[in-house]
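I opened my notebook to look up a few things in this model. Here is what I jotted down along the way.

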Amino acid sequence: MPASLTPEQLQLVTTALDNGNVIEAIKLYRSFTGCGLKEAKDAVDQLRAEHDAKLPEGQRRKSGCMGVIVFLVLMGALSIAATTHWLV
């Protein structure tokens with residue numbers, strides 16, 4: 001359960017989350033509460049989930065892995081290109 005934050009502190013943490021700055025949100029939470037890293041991460045994750053649940057369906061964050069898939073495909077293509085060039 002997240003520690004009590006003032007409305008201003010909560011706004012700063014959620015603004016950092018909205019901007020995609022999860023690490024900044026955790027740093028802010030720690031500075032406001034004095035808690036440890038794990039507790040702050042868990043609290044920020046909970047705040048993020050609660051915040052996202054209030055958003056309309058089309059605006060919610062997606063937990064997809066498209067970036068990882070693209071990276072793996074590119075690495076595979078580079079590996080094939082390097083192997084083909086090495087064999088020639």
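This is a predicted model: local features need pLDDT of at least 70, side-chain atom pairs count only at pLDDT 80 or more; totals for chains, interfaces and linings use all residues.

Before counting, I noted the terms: helices are DSSP runs of H or I with at least four residues, strands are runs of E with at least two, and both are numbered from the N terminus.

**Entry 1, the whole chain.** I found 4 helices and 0 strands, in the order α-α-α-α along the sequence. How much of the chain counts as buried? I got 19% of the 88 residues. The accessible surface came to about 6700 Å², and carbon and sulfur atoms account for 65% of that. I then took the contacts between residues at least 6 apart in sequence, and 41% of them join residues at least 24 apart.

I looked ahead of the helices and found leucine 5 in the segment before H1. Is leucine 5 buried or exposed? Its relative accessible area is 18%, so I logged leucine 5 as buried, the cut-off being under 20%. Leaving out neighbours within four places in sequence, I listed its contacts as Leu10, Val13, Tyr29, Phe32, Thr33 and Leu47. For one of these, threonine 33, I looked up the C-alpha to C-alpha distance from leucine 5: 7.7 Å, across 28 residues of sequence.

Moving into helix H1, residues 7–18, I stopped at threonine 14. With a relative accessible area of 14%, threonine 14 is buried. Where does its side chain reach? I traced the side chain of threonine 14 to the backbone oxygen of glutamine 11, at 3.1 Å.

My next stop was helix H3, residues 37–54, which holds valine 44. I found valine 44 buried, at a relative accessible area of 1%. Which residues does valine 44 touch, beyond those up to four places away in sequence? I wrote down Val13, Leu17, Ala25, Ile26 and Tyr29. Val13 and Tyr29 had also turned up in my list for leucine 5.

I ended in helix H4, residues 66–87, where methionine 75 is found. Methionine 75 is partly exposed, with a relative accessible area of 38%. I saw that methionine 75 belongs to a nonpolar surface patch with Phe71, Leu72 and Leu78. Together these residues have about 420 Å² of accessible area.

How values were computed. Residues are numbered from 1 along each chain as its sequence is written. Side-chain values use heavy atoms; hydrogens and water are left out. Buried means under 20% relative accessible area, exposed over 50%, partly exposed in between (1.4 Å probe, protein chains only). Contact means heavy atoms within 4.5 Å. Accessible areas come from the Shrake-Rupley method with a 1.4 Å probe; for residues, only the protein chains shown count as cover. A polar contact is a pair of N or O atoms within 3.5 Å; within protein, one must be able to donate a hydrogen and the other to accept it, and residues adjacent in sequence count only if both atoms are side-chain atoms. Patches are made of residues with over 30% relative accessible area and no salt bridge: like charges are joined within 9 Å, nonpolar side chains (Val, Leu, Ile, Met, Phe, Trp, Tyr) within 5 Å. A salt bridge is a side-chain nitrogen of Lys or Arg within 4 Å of a carboxyl oxygen of Asp or Glu.
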